[in-house]
Amino acid sequence: MVKAAQRPEVRLPPLEPFRGGELEPDGDYDGLEFREFDFAGQDGGGARFMDCALTGCAVDETRLRHVRVLDSVLTGLRGVGTDLADATLRDVEVVDARLGGVQAHGAVLERVVVRGGKIDYLNLRTARLRDVVFEGCVLVEPDFGGAKLERVRFMDCVLKGADLTAATLKDVDLRDAAELGIARGVDRLAGAVISPVQLMDLAPVLAAEMGIRVEG
């Protein structure tokens, strides 16, 4: 039996509206609501967001390296090239994001739900994911190279061209993925569970990986 992912239980307190201005490196944001702010090109590296709600914010080329996001809800984020390298997300809900080229290599995600939306070219190389659920979203060519995934579930999620090269999987549940496409690293599926239909769909990739030639 595959162990189920533990979902976050985010209960936000009454929030104060963010008064505006640019993000600050190593800033401390607690109990704030950020609604439809444009943070494009800003630097909030090393900042901490706790008990916050970010709604409809633009994060194009926003630098958020080493940021910590705790007990927060991120809704409708949009942008290209957001830098979340070495970030920590714990007890976080990401809802209806529209993102591309997110750099989250080396990040730590624990008790995170990514629900709805579409993320293109998500870079999670060498990241650590524990108790993470991807639900009803579209992931185009996500890169899990060298990442560690434990108790991760893909539920009604479209996964296109995923790279699992050198990844380590434990209790990863792919059975309910709406579409499962693995471009590289199919040999790293040990530790994951898939459905019989998915096994048939992956048969050509598995055969190629094992050097099996299939002829009629």
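Q: Is Asp28 buried or exposed?
A: Relative accessible area decides the class: buried is under 20%, exposed is over 50%, and partly exposed is in between (1.4 Å probe, protein chains only). Asp28 has 53% relative accessibility, so it counts as exposed. This is a predicted model: local features need pLDDT of at least 70, side-chain atom pairs count only at pLDDT 80 or more, and totals for chains, interfaces and linings use all residues. Residues are numbered from 1 along each chain as its sequence is written, and side-chain values use heavy atoms, with hydrogens and water left out.

Q: Which residue does Asp28 meet in a salt bridge?
A: Side chains of opposite charge can pair when their charged atoms come close. The test is a side-chain nitrogen of Lys or Arg within 4 Å of a carboxyl oxygen of Asp or Glu. Asp28 pairs with Arg48, at 2.9 Å from N to O. The two sit 20 residues apart, Asp28 in strand E2 (residues 28-30) and Arg48 in strand E4 (residues 48-50), so distant parts of the chain are linked. Strands are DSSP runs of E, at least two residues, and helices are runs of H or I, at least four, numbered from the N terminus. Arg48 is buried, at 17% relative accessible area.

Q: What does Asp143 pair with?
A: Asp143 bridges to Arg125, with the closest N and O atoms 3.1 Å apart. Asp143 lies in the loop between strand E11 (138-140) and E12, and Arg125 in the loop between E9 and strand E10 (128-135), so the bridge ties together parts 18 residues apart in sequence. Asp143 is buried, with a relative accessible area of 17%. Arg125 is partly exposed, at 36%.

Q: Where in the chain do Asp176 and Arg153 lie?
A: They form a salt bridge, the closest N and O atoms being 2.7 Å apart. Asp176 is in the loop between E14 and E15, Arg153 is in strand E12, and 23 residues separate them. Both count as partly exposed: Asp176 at 34%, Arg153 at 27%.

Q: How many salt bridges are in the whole structure?
A: The search finds 17.

Q: How many cavities are there?
A: On a 1 Å grid over the protein atoms alone, a cavity is a set of points where a 1.4 Å probe fits but cannot get out; lining residues have an atom within 4 Å of a point. Points are joined across faces, edges and corners, and volume is the space filled by probe spheres set on them. The count is 2 cavities of 30 Å³ or more.

Q: What lines the largest cavity?
A: The largest cavity holds about 440 Å³. Of its 26 lining residues, Leu74, Leu77, Leu84, Leu89 and Val94 are closest to the centre. Strands E6 (68-75), E8 (88-100) and E9 (108-120) give two or more residues each. E9 gives the most, with 4. By class, the lining has 25 nonpolar, 1 polar and no charged residues. Here Ala, Val, Leu, Ile, Met, Phe, Trp, Tyr, Cys and Pro are nonpolar, Asp, Glu, Lys and Arg charged, and the others, Gly among them, polar.

Q: Which strands supply the lining of the second largest cavity?
A: E12 (148-155), E13 (158-163), E14 (168-173) and E15 (179-184) each supply at least two residues. The volume of this cavity is about 70 Å³. Its lining includes Phe144, Phe154, Ala162, Val172 and Ile182. By class, that lining is 12 nonpolar, no polar and no charged.

Key: 1 Å grid on protein atoms, 1.4 Å probe; cavity = no way out; pocket = protein on both sides within 12 Å on 5 of 7 lines; lining within 4 Å.
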